[in-house]
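Visitor: I have a protein model open and would like to go through it piece by piece. Can we start with the words I need?
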Amino acid sequence: MSGEPEVHEEFEARLKAYEGRPAAATGVGRDPVNEPMIRHWCEAMGDTSPAYTGPDAIAPPTMLQAWTMAGLTRRPERTAAYDELLTLLDESGHHAVVATDCEQEYLRPLRPGDEITFDSVIESVSGRKTTKLGAGYFVTTRTDVRAGGEPAGTHRFRILKYAPAHRSSKPAERRPRPVVNRDNAGFWEGVARHALLIQRCTACATPRFPWLPGCTTCGSLDWDTVEASGEGTVYSYVVMHHPPFPAFEPPYAVGLIELAEGVRIVSNVVGVPYDKVRIGMPVRLEFRRYDDELVLPVFQGVTP
């Protein structure tokens, strides 16, 4: 079936019937937890916590999904039920997909040598939702991760399967809204008044970004903020050519910016041609208003 998406009680009942069915069964991590992957992760994230090095090292908890990913190949443990659910949505007109968010729970630390196994379940399929992208259904899968047979953590992943909205007269597209929660609300309040705020641990004075509930160096939950000077350099960057996305006009440069305060932030590099952006290029913070609601920090390239 193609064309306009199915929208009726019988169809949604068919979708709901997949709740609780396995999405991946008896999955095995492609590699045991290992030091090289931990090192690469910490270097990419700029995380220098001593907990992740040495003979008693643990893996950063946020690496939980890394140990279950299949790379560029299709997962052999993915079930027919999950494929059927996605096919049902595709054939009903909800053929577009976008990842929306994930949640993780950590039950015990993972250490080098741990053998990872996991199972995934289709936890929920929402009722029909109307979004800026189009109408569709949110599909949530829950992956239970084990180490040596013991529960180690849970990873929930949510996608939106939707029918792209068709507009006879296309209005100006808006940029996606940032996800604001209790952990990062203070950061976005600062952005609204044109201040880039960095968390600072009051126990050990370690700065951290992005905002987190606790210090990654000493574990303290107490913190204050310091306002960034706005000076930085391009630590790394990519030039986005494809895929095109509403409100963005490729090609454009996205940089990992190392701030003078010692933390890194991902943002657009503006004010210079995308093909002139270079690692080590000085940049300066500025705030740009994209519409009546959205202000974002970006970085102006400084050329000699």
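Guide: Helices here are DSSP runs of H or I with at least four residues, strands are runs of E with at least two, and both are numbered from the N terminus. Keep in mind that this is a predicted model. As an example of the numbering, D83 lies in helix α3, which covers residues 80-91.

Visitor: Is D83 buried, exposed or partly exposed?
Guide: D83 has a relative accessibility of 21%, so it counts as partly exposed. The cut-off for buried is under 20%.

Visitor: How far is D83 from I159 in space?
Guide: The C-alpha atoms of D83 and I159 are 14 Å apart, while in sequence the two residues are 76 apart.

Visitor: Back up a bit. How many helices and strands are in the chain?
Guide: The chain has 4 helices and 14 strands.

Visitor: And what box do the C-alpha atoms fill?
Guide: Along the principal axes, the box is roughly 60 × 60 × 35 Å.

Visitor: What share of the residues is buried?
Guide: The chain has 304 residues, and 37% of them count as buried.

Visitor: What about contacts between residues at least 6 apart in sequence?
Guide: Of those contacts, 64% join residues that are at least 24 apart.

Visitor: Where do the charges sit on average?
Guide: There are 33 positive and 40 negative charges in the chain, and their mean positions are 3 Å apart.

Visitor: New topic: rings. How many aromatic pairs are there?
Guide: The count is 6 aromatic pairs. One of them is F11 with Y137, whose ring centres are 5.9 Å apart and whose planes meet at 70 degrees, so that pair is edge-to-face.

Visitor: Why does 70 degrees make it edge-to-face?
Guide: Because planes over 60 degrees apart count as edge-to-face, and F11 and Y137 have theirs at 70 degrees.

Visitor: Where in the chain are F11 and Y137?
Guide: F11 is in helix α1, residues 9-16, and Y137 is in strand β5, residues 134-147. They are 126 residues apart, and the pair links distant parts of the chain.

Visitor: Are those two buried or exposed?
Guide: F11 is buried, with a relative accessible area of 0%. Y137 is also at 0% relative accessibility and counts as buried.

Visitor: Give me another pair.
Guide: W211 and W223 form an edge-to-face pair, with 5.2 Å from centre to centre and 65 degrees between the planes. W211 lies in the loop between β8 and β9, and W223 lies in strand β9, so the pair ties together parts that are 12 residues apart in sequence.

Visitor: Which residues do ring pairs link into a cluster?
Guide: F187, W188, F209, W211 and W223.

Visitor: And what is N184 in contact with, leaving aside its neighbours within four places in sequence?
Guide: N184 is in contact with V179 and W211. N184 lies in the loop between β6 and α4, and at 16% relative accessibility it counts as buried.

Visitor: Which residues lie over the face of a tyrosine ring?
Guide: R175 lies over the face of Y290, 4.1 Å from the ring centre. R264 lies over the face of Y235, 3.6 Å from the ring centre.

Visitor: What about the backbone?
Guide: Most peptide bonds are trans, and most residues other than glycine have a negative phi. The bond from F209 to P210 is cis, with omega near 5 degrees, and P210 is found in the loop between β8 and β9. P250 and P251 are also joined by a cis peptide bond, with omega about 0 degrees. P251 is in the loop between β10 and β11.

Visitor: And what is the phi of T26?
Guide: Phi of T26 is near 50 degrees, a positive value, and T26 is not a glycine. T26 lies in strand β1, residues 22-28, and counts as exposed at 62% relative accessibility.

Visitor: What about H194, what is its phi?
Guide: H194 has a positive phi of about 65 degrees and is not a glycine either. H194 lies in the loop between α4 and β7 and is partly exposed, with a relative accessible area of 44%.

Note on methods:
Residues are numbered from 1 along each chain as its sequence is written. This is a predicted model: local features need pLDDT of at least 70, side-chain atom pairs count only at pLDDT 80 or more; totals for chains, interfaces and linings use all residues. Side-chain values use heavy atoms; hydrogens and water are left out. Rings of Phe, Tyr and Trp (its six-membered ring) pair if their centres lie within 6.5 Å; planes under 30 degrees apart count as stacked, over 60 as edge-to-face and the rest as tilted. Buried means under 20% relative accessible area, exposed over 50%, partly exposed in between (1.4 Å probe, protein chains only). A charge sits over a ring if NZ of Lys or CZ of Arg is within 6 Å of the ring centre and within 35 degrees of the ring normal. Contact means heavy atoms within 4.5 Å. Lys and Arg count as positive and Asp and Glu as negative; His and the chain ends are not counted. The place of a charge is taken as NZ of Lys, CZ of Arg, CG of Asp or CD of Glu.
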